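Please consult the sequence and the structure as you read.

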Amino acid sequence: MASRDDMFTNKLFLCGALPLMKTIANDVPSLAKKFEHTHAVVQISALDPDAPEGKYATHFVINCGEWQVHADKVSTRETTDIELEFGSVEKMNAFFKGNIGPKTLPKMRGIAKNMGTFVSFMMVLLKMSSLLTAKEAPEDEETQQLMVKCFFYLLTSGISTLNKNGHEEVHSWTSKSPDRVYALAVEGHPEVSAFIRIKAGHSKAGRGEYKRAMPFFTLRFDSYKSALGTLLGTLDMLEATKKGQIVMDGGPEFGAQFGGFLLTVGGYVQ
């Protein structure tokens, strides 16, 4: 039986990290091209005796480059073309944290009939892994942009995922909150923005700028490098704040609370 923390980690991978594959496949032209003629259902799953269907999974329906993400949902065996099935929640967590070895590798089904799709899918998966496990910011701006976008999406959806799965501290925060929006942004680059809306125990993560009203709090960076330096822990936040590389639009006390939950998500998936 998986521990509570193992389950939180697994839900973050299923609902926060794996959906980033769609973003990567759409935003990297060389990868997008590989799926122009693809028709397939691909699933990543972890066996668990306590799961309603015997496993937890996220699956993708890919049709001519269009990706539909079904986060934390098991596909039926009849409609699944390719599946990466881990022996347990713990093994899946270890694999995505970089502990790759004979004991953590998944069983792979459908490869012989769909080798081209499998190879392309794995290229996207490896690209996602390289972005999320990087120790420092890349040099080229296009990769910086994609990396920031992925981190922003993962962190905001991660907080919402923890809330929906009963994480005590996160749920206590959302339960006591009026209708508020917390956002992440880079100055001049709205395409990488992300946000989470919370109210009375409910939460919903969103991509892009929140346009219905001004967010209650925004953690804003002056550049991709400043954002990545903060997210990767290579930038001195106090010094960066003094220089205007980091701007907190809203009360510092709310920024500290929001930032704390961003670190909570990072702690589970790293």
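Q: How far apart are the closest N and O atoms in the salt bridge of aspartate 179 with arginine 197?
A: This is a predicted model, in which local features need pLDDT of at least 70 and side-chain atom pairs count only at pLDDT 80 or more, while totals for chains, interfaces and linings use all residues. Residues are numbered from 1 along each chain as its sequence is written, and side-chain values use heavy atoms, with hydrogens and water left out. A salt bridge is a side-chain nitrogen of Lys or Arg within 4 Å of a carboxyl oxygen of Asp or Glu. For aspartate 179 and arginine 197, the closest N and O atoms lie at 2.5 Å.

Q: Is glutamate 85 buried or exposed?
A: Buried means under 20% relative accessible area, exposed over 50%, and partly exposed in between (1.4 Å probe, protein chains only). Glutamate 85 forms a salt bridge with arginine 109, with 3.1 Å between the closest N and O atoms. Arginine 109 is partly exposed because its relative accessibility is 31%. With a relative accessibility of 6%, glutamate 85 counts as buried.

Q: Which residues are linked in a network of salt bridges?
A: Side chains of opposite charge can pair when their charged atoms come close. The structure holds 9 salt bridges. The network links Lys55, Glu83, Glu85 and Arg109.

Q: Which helix holds lysine 149, the partner of aspartate 27?
A: Aspartate 27 forms a salt bridge with lysine 149, the closest N and O atoms being 2.7 Å apart. This pair links distant parts of the chain, 122 residues apart, with aspartate 27 in helix H2 (residues 20–27). Lysine 149 lies in helix H6 (residues 141–164).

Q: Why does tryptophan 173 count as buried?
A: Tryptophan 173 is part of helix H7 (residues 168–175). Beyond its neighbours within four places in sequence, tryptophan 173 is in contact (heavy atoms within 4.5 Å) with several residues, including Ile159, Tyr182 and Phe261. Tryptophan 173 counts as buried because its relative accessibility is 7%.

Key:
Helix = DSSP H or I, 4+ residues; strand = E, 2+ residues; numbered from the N terminus.
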